[in-house]
Amino acid sequence: MPISPTALAQLPIRRLDATDLLACADLSEDRGWLREEHKWGLLLTAGTGYGIDDPDGDGLVAACVVTSYGPGLAAIGMVLVAERYARRGVGRRLMRHVLEEAGETPLTLYATPNGQPLYEELGFTEIGRSEMLKGLFSTTAPAPRVDVRPATAEDLQDVLRLDREIFGLDRTPLITRLPAFADHLRVAVEDGAITGFAAAWPNMDTHVVGPLIARDTATAQALVASLAAASDRPLRTDVDLRHTELLRWLKENGLNPIMTNAMMVRSLPDLPGDADRRFAPLTVAAG
């Protein structure tokens with residue numbers, strides 16, 4: 001028997017943890033997304049998950065994850081509502097709860113075309129767009145000559161310093177998980193100094209390239225080429241549309257556009273840091 005709107009509105013919202021990973025992956029699959037268990041595992045351990053249990057015991061009604069970067073910013077992602085409860089106000093209720101929990105903390109998210117109207121209603125504004133690309137990487141357009149090598153444990157502090165400088169906030173809890181999370185982690189080096197870094201992590205049948213932090217486009221291209229050479233899978237990445245040169249080069253090398261998402265913020269005019277050197281995020285968990 002379908003649950004009534006009154007009863008649905010009274011279902012408790014609880015914190016999720018790593019034990020909810022399979023239920024979250026099931027919810028992704030229910031909505032036609034990839035299961036992405038590896039990504040869910042990272043987000044549930046590095047961030048704070050919120051969910052609503054189905055009273056019939058059939059998994060989750062809805063879920064999302066909030067990744068905090070301290071009082072200056074938090075990122076919302078993986079906002080999902082089970083198909084059987086879609087268009088019944090569940091997503092709006094879950095988002096309002098997250099906003100209450102966040103308090104004065106500014107928020108950011110990536111929005112699909114379906115989700116963007118709700119986020120605008122909740123006070124988010126679009127500050128840019130990113131393009132998702134996927135494909136087998138070729139060497140049709142060669143990468144510039146930039147020294148790139150596998151990252152080592154000794155590089156971690158320099159990577160953290162560069163990430164704080166470019167991202168604008170401290171992402172230590174996420175970045176320190178990269179060596180275990182990613183299959184490949186590369187750094188670009190000039191005169192002994194790290195000028196960029198990038199990771200490729202497994203997601204179903206692809207390697208996702210992100211984060212991609214680099215001094216300039218040439219460095220970003222060299223990092224991607226190095227990661228591609230180490231992978232036997234198609235690559236997937238999400239690149240800010242402002243990086244037209246990198247996008248053109250990726251498409252020349254076999255990556256095809258899949259979709260675009262809106263980058264949105266709430267309670268701040270723009271993201272901190274240097275967008276010119278921030279090419280691709282760690283994950284895009286659009287809703």
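A: Here's a walk through the salt bridges, pair by pair. Keep in mind that this is a predicted model. The count comes to 26 salt bridges, so let's pick out a few, taking a nitrogen-to-oxygen cut-off of 4 Å.

Start with Glu 121 and Arg 92, whose side chains meet at 2.9 Å, N to O. This pair ties together distant parts of the chain: Glu 121 sits in helix H5 (residues 116–121) and Arg 92 in helix H4 (residues 90–102), with the two partners 29 residues apart. Glu 121 has 47% relative accessibility, so it counts as partly exposed. Arg 92 is partly exposed as well, with a relative accessible area of 32%.

Next up is Arg 149 with Asp 155, a salt bridge with an N to O distance of 2.7 Å. Arg 149 is partly exposed at 32% relative accessibility. Asp 155, on the other hand, comes in at 7%, and since buried means under 20%, Asp 155 counts as buried.

Then there's Arg 242, bridged to Asp 240 with the closest N and O atoms 2.6 Å apart.

Terms used: Residues numbered from 1 in each chain as written. Predicted model: local features only at pLDDT ≥ 70, side-chain atom pairs only at ≥ 80, totals over all residues. Heavy atoms only, no water. Helix = DSSP H or I, 4+ residues; strand = E, 2+ residues; numbered from the N terminus. Buried < 20%, exposed > 50% of the residue type's maximum accessible area, 1.4 Å probe, protein only.
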